[in-house]
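Let's take a walk through this structure together, starting from the inside and then moving on to the charged pairs. Have the 3D view ready.

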Amino acid sequence: MKSKRTILSLLLLISGCILLAAAGSIAATPSDESDVRGAVQRIFDQLKAGQYEALYDSLPSSSRTRLSRDQLVKGLQRTSNLYQLQRIEIGAVRVSGNLAVVDTVMYAHIAPPFNTDGKLVVQQYLVREEGSWRMATGDRATIDRFLKSNPSFGRKFPIKRPHMFIKQDGKWVEFQPPVRKR
């Protein structure tokens, strides 16, 4: 059971959910959307290639103040033998000022004892800082603070919970992690 929770936690960390900052109300331009799409692909490629040091620079400043480069690198290195990323599908991109939400599907092979393929359907949240798009990490306090200070963003782009699937008998089956007892 612990392995399943570890894999889910890892995939959620990889997903890079949830952001902070103030939402502007300017309309997205095609270049904004292509820039966001490019940032998501670049970050996925860095993760897939094990370029964890470079990933740290893709985090927003608020995340970097809570997490050191060494913590991120060591955490990702510890879990890298649990999965092998394969590809990402980048769907709809929505931009509002300095914030973006991107629908993604990430595919990976999950190592033994599971030895199966998995996919994670998740929204990626990005914030534009210092002229570049940065992937925010999952953090409930950050989400709550962000939504409280940006209610219009929450109404326009409601947060969707991630869905994890594993392949069983050639079909995608949603994985429901066991409920933690407190």
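This is a predicted model: local features need pLDDT of at least 70, side-chain atom pairs count only at pLDDT 80 or more; totals for chains, interfaces and linings use all residues.

## From the core to the charged pairs

At 30% relative accessibility, Glu174 counts as partly exposed. Keep that residue in mind, since we'll come back to its partner later on.

Now go inside. The largest nonpolar core has 32 residues, and Val36 and Leu126 are the ones that touch the most other members. If you zoom in on Val36 and skip residues up to four places away in sequence, you'll find Val93, Val95, Ala100, Val102, Leu126 and Trp133 touching Val36. There is also a second, separate core, made of six residues, with Leu99, Val101, Val127 and Phe157 among them.

Next, the charges. Side chains of opposite charge can pair when their charged atoms come close. How many salt bridges does a search of the whole structure find? The search turns up nine.

One of them joins Asp32 and Arg128, with the closest N and O atoms 3.2 Å apart. This pair links distant parts of the chain, as Asp32 sits in helix α2 and Arg128 in strand β3, 96 residues apart. Is Asp32 buried or exposed? Asp32 has a relative accessible area of 10%, so it counts as buried. Arg128 is partly exposed, with a relative accessible area of 21%.

Another salt bridge pairs Glu129 with Arg64, and here the closest N and O atoms are 3.9 Å apart. Because Glu129 belongs to strand β3 and Arg64 to helix α4 (residues 61–66), the pair ties together parts that are 65 residues apart in sequence. Glu129 is buried, at a relative accessible area of 15%, while Arg64 is partly exposed at 22%.

Finally, back to Glu174. Its side chain meets that of Arg161 in a salt bridge (3.5 Å, N to O). Arg161 lies in the loop between α7 (151–156) and β5, and Glu174 lies in strand β6 (residues 171–174), so this pair ties together parts that are 13 residues apart in sequence. Arg161 counts as exposed, because its relative accessibility is 51% and the cut-off for exposed is over 50%.

Methods:
Residues are numbered from 1 along each chain as its sequence is written. Side-chain values use heavy atoms; hydrogens and water are left out. A nonpolar core is a set of buried Ala, Val, Leu, Ile, Met, Phe, Trp, Tyr and Cys residues joined through side-chain atoms within 4.5 Å. Buried means under 20% relative accessible area, exposed over 50%, partly exposed in between (1.4 Å probe, protein chains only). Contact means heavy atoms within 4.5 Å. A salt bridge is a side-chain nitrogen of Lys or Arg within 4 Å of a carboxyl oxygen of Asp or Glu. Helices (H or I, at least four residues) and strands (E, at least two) are DSSP runs, numbered from the N terminus.
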